[in-house]
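Work through the exercises below with the model open. Each task is followed by a stepwise solution.

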Amino acid sequence: MRDRPWSAIRIRPAAGRPCRGWLTADGQTVPVALGRGGIRANKREGDGGTPKGTFRPRQLWWRADRHPRPRTFLPVRAIGPEDAWCEDPNSRHYNQAVRLDRDRGGDRLKRDDQLYDFIVEIDHNSSPRIAGRGSAVFLHLARENFSPTAGCVSMTKAAMLRLLQRLGPETKIVIG
């Protein structure tokens, strides 16, 4: 059935290459880049690890100024110039979307490169949010050389667009 979201996708490390991995869904496998710290069961802020566990996608953020709205079962939100993500464990907004202003910093979602043209927000460290347990863990686009991420899972644009077509809020994202 191509008109329903997948029940699960699996992300596992590549043999002998902890910063590279494979995403498998519905019998198809694509290469991904993982965090510079590999997959970690005890994820901490700044460790470069991709968290091990089972997560769910929350929504898709996308650059509407660069790409048409992709097909997906997820809620979709266009990235604006002030959209950012709070990575400060001391902030009450830790691991949440924020609006940049004079008093608030964060990881800007509208970037000059293409890495955040499509961002799948996942529910890692979200309910409850625990300071220092990691923030801004997304599925997003990879660098050309598939270099490691800061803890996210990244892939090619073609792989992302195929994934989005079958990703829904109830899809399990199994990492590890």
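**Exercise 1. Is glutamate 121 buried or exposed, and what is its relative accessible area?**

Step 1. Take the cut-offs: buried means under 20% relative accessible area, exposed over 50%, and partly exposed in between, with a 1.4 Å probe and protein chains only.
Step 2. Glutamate 121 has a relative accessible area of 8%, so it is buried.
Step 3. Note the basis. This is a predicted model, where local features need pLDDT of at least 70, side-chain atom pairs count only at pLDDT 80 or more, and totals for chains, interfaces and linings use all residues. Residues are numbered from 1 along each chain as its sequence is written, and side-chain values use heavy atoms, with hydrogens and water left out.

**Exercise 2. Which side chain meets glutamate 121 in a salt bridge, and which strands hold the two residues?**

Step 1. The partner is arginine 58, at 3.9 Å from N to O.
Step 2. Locate both. Strands are DSSP runs of E with at least two residues, helices are runs of H or I with at least four, and both are numbered from the N terminus. Arginine 58 lies in strand S7 (residues 57-62) and glutamate 121 in strand S12, so the pair ties together parts that are 63 residues apart in sequence.
Step 3. Arginine 58 has 42% relative accessibility and counts as partly exposed.

**Exercise 3. Describe the surroundings of arginine 111.**

Step 1. Arginine 111 and aspartate 113 meet in a salt bridge of 2.7 Å, N to O. Aspartate 113 is partly exposed at 29%.
Step 2. List its contacts (heavy atoms within 4.5 Å). Arginine 111 touches Arg63, Arg66, Tyr116 and Arg143, not counting residues up to four places away in sequence.
Step 3. Look at the ring. A charge sits over a ring if NZ of Lys or CZ of Arg is within 6 Å of the ring centre and within 35 degrees of the ring normal. The charged end of arginine 111 sits over the ring of tyrosine 116, 4.8 Å from its centre.
Step 4. Follow arginine 63. Arginine 63 forms a salt bridge with aspartate 65, with the closest N and O atoms 2.7 Å apart. At 4% relative accessibility, arginine 63 is buried.
Step 5. The structure holds 10 salt bridges. Elsewhere, Arg40, Lys43 and Asp47 are linked in a network of them.

**Exercise 4. Which residues do ring pairs link into a cluster?**

Step 1. Apply the rule: rings of Phe, Tyr and Trp (its six-membered ring) pair if their centres lie within 6.5 Å; planes under 30 degrees apart are stacked, over 60 edge-to-face, and the rest tilted.
Step 2. The structure holds 3 aromatic pairs. Tryptophan 85 and phenylalanine 138 are edge-to-face, at 5.2 Å centre to centre and 85° between the planes.
Step 3. Tryptophan 85 is in strand S9 and phenylalanine 138 in strand S13 (residues 138-141), so this pair ties together parts 53 residues apart in sequence.
Step 4. Tyrosine 116 and phenylalanine 138 have ring centres 5.9 Å apart and planes at 90°, so they too are edge-to-face. These two residues are 22 residues apart, and both are buried.
Step 5. The cluster is Trp61, Trp85, Tyr116 and Phe138.

**Exercise 5. What is the strand order in the open sheet of 3 strands?**

Step 1. Two strands pair if DSSP finds at least two bridges between them.
Step 2. The order is S10-S9-S11, with antiparallel pairing. The edge strands are S10 (97-99) and S11 (107-108), each pairing on one side only.
Step 3. S9 (residues 83-85) pairs with S10 over 3 bridges. Aspartate 83 stands opposite arginine 99 in S10.

**Exercise 6. How many residues has the largest nonpolar core?**

Step 1. Such a core is a set of buried Ala, Val, Leu, Ile, Met, Phe, Trp, Tyr and Cys residues joined through side-chain atoms within 4.5 Å.
Step 2. The count is 28, and Ile11, Leu23, Val120 and Leu139 have the most contacts inside it. Helix H1 (residues 157-165) gives the most, with 4 residues.
Step 3. Apart from this core lies another of 10 residues, among them Ile79, Trp85, Leu109 and Ala136.

How values were computed. A salt bridge is a side-chain nitrogen of Lys or Arg within 4 Å of a carboxyl oxygen of Asp or Glu.
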